[in-house]
Amino acid sequence: MAEQTTAGPKPPPQWLKPLERPIEVLGELSLFAGQSVAAIFRPPYRVGLLMVQLEFMAYGSMFVVGLTGLFTGMVLALQTVYAFGLFNAQSLVGATVEISLARELAPIFTCIVLVARVGSAAATELGTMRVTEQIDALETMAVDPLNYLVVPRIVSAAISAPILTMLFNAIALFGAYGIAVWVKDLSPGTFLNRIQYLVQVKDITNGLGKASVIGFVVTMIACYRGYRAEGGARGVGIATTQAVVGGLVAIFAIDYIYTAISLSGPQQPGGGLGG
Amino acid sequence: MSPPPLAPPLIDVQDIYKSFNGFPVLKGVNLKIPEGTTTVILGGSGSGKTVLIKHIMGLFKPDRGQVIVDGENVSAMSRQELAVFRQRMGMVFQGAALFDSMTVADNVAFPLREHNPGLSEAEIQEKVKEKLAVVDLHGVEQKFPAELSGGMRKRVGLARAIVREPKIVLYDEPTTGLDPLTTESVDEMIIHARERLTVTSVVISHDVGSAFHIADRIAMLNEGRVVEEGTPVEVRNTKEPFTRQFLATWFGRT
């Protein structure tokens, strides 16, 4: 151990070793996110590229999001009718389904679809551009790659995610209504009436805000992974895997944090059952 | 026979050092590149050629020393200053680095659309056609990069690099991985680009034959230092042992 006398920072304790890489990634990601957010406000504003991304993310995801929403609403209605049937509370099925959808399921499932469809595409595309030197080429042509590649994607995700969540909400509610009223013979009036009294606008806006934040962050993670890809086709594959896995974990982590913060303020009681 | 007097250097690399993760790559590189010449930087794999050229472009910052290009210190520039500075440069990448989502015409037009918003679409198309003609490409405007051969892609890469008429064009291993005939045509392209556009070219390569074909001056890079520098004739007759060994691999056979 005699050669360890040179000056320098003390080596971190052994138990920190497995945490080193995650902390490093988190630091790099924060730096990347900071630079990207700064690039949003720096001209040129690439409206054309934003439109291309919106078309791909929002319009292109409508069918998948709608289909996911339909089945989610249907299965949620089945389960709720069964569970509430145990204590004769079927009249609350509509409101329960819609509150679960608006506050949690719609934003989360929509963002999962976004990670699978958009996050993987962004990581692959940026990763390929990195390893084939196309990002270097942008830089040598005096074009900021963050401004050109990352900004349109993250801004588009922040806009698309709430729009798709709204679509998910509508179609899922339609699916739930179909199952509850047409299959399980619940009264349509009760189903809708309870929704009207128990679901508040803030339940929906809360979910939309959550979708926007999560969509923004998971797309940022995907762009970061692609942007930092190295080592050819294999490197791009690794970047895509990390983008999707990291995105999925981030969805649930941010969901918890966002919900905890939004519920920490003074709570007003719900709309109540009265007339 | 005495060498011609040198013009003042357009690119002046002054004693730069660069390490990656504690591993030294450049160990005091000095190089002067006169205006209007083609300089080839020769060196083996891992000699630091690419790192050196990326310093000239301002993609890397040296640990020590500085790079002066056209009277300006590239190593001390901010992001914004670099963006302005790079508009005077063009770079041709080893793999051409064309944008595969765009047609050939859109690739070549890209720098114009980014930096010359005053140009009309007709003017842009005219310039694109003109630059593609410089590199002897005709009728490929609407093709995508994936539909072109390797040599054609490199030529499109050059057309894109010169479309805004830069003072300096940098080439990263332009002939690596090409067959002899395509190598020949890429060499011709570099010579033509200099003759028709009077640009200063810097080529990094390990292709000795190609280097002696196109170069006005040759610099030999070994283990992070320039070990020999001069006209092709001077370098051919050098006493420097590494350069002799490197050149023998080519001249020894012919």
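This is a predicted model: local features need pLDDT of at least 70, side-chain atom pairs count only at pLDDT 80 or more; totals for chains, interfaces and linings use all residues.
Helices (H or I, at least four residues) and strands (E, at least two) are DSSP runs, numbered from the N terminus. In chain B, 6 strands form an open sheet with mixed pairing, in the order β6-β7-β8-β3-β9-β10. Two strands pair if DSSP finds at least two bridges between them. At the edges, β6 (89–92) and β10 (225–230) of chain B each pair on one side only. The twist averages 15° from one strand to the next. Over 4 bridges, β6(B) pairs with β7 (residues 168–172) of chain B in the parallel sense.

**A helix on the sheet, and its partner**

Helix α5(B) lies across β6 and β7 of chain B, running at about 170° to β6(B). Axes are lines fitted to C-alpha atoms, for helices over the stretch in contact, and angles run from 0 to 180 degrees between N-to-C directions. The axes of α5 (residues 150–162) and α6 (residues 180–197) of chain B come within 10 Å and cross at roughly 15°. That makes α5(B) roughly parallel to α6(B) (angles under 35 degrees count as roughly parallel, over 145 as roughly antiparallel, 65 to 115 as roughly perpendicular and the rest as oblique).

The table lists the residues that make this contact (C-beta atoms, placed from the backbone, within 7 Å).

| Helix | Residues in the contact |
|---|---|
| α5(B) | G150(B), G151(B), K154(B), R155(B), L158(B), I162(B) |
| α6(B) | T182(B), S185(B), V186(B), M189(B), A193(B), L197(B) |

**A residue in chain A**

Over in chain A, T72(A) lies in helix α2 (residues 47–85). T72(A) is buried, because 21 other C-beta atoms lie within 10 Å (20 or more count as buried, 12 or fewer as exposed, and in between as partly exposed). Leaving aside neighbours within four places in sequence, T72(A) is in contact with L105(A), F109(A) and A172(A). T72(A) and L92(A) are 20 residues apart in sequence and 18 Å apart in space, C-alpha to C-alpha.

Conventions: Residues are numbered from 1 along each chain as its sequence is written. Chains are lettered from A and ligands numbered from 1 in the order in which they are written. Two residues are in contact if their C-beta atoms, placed from the backbone, lie within 7 Å.
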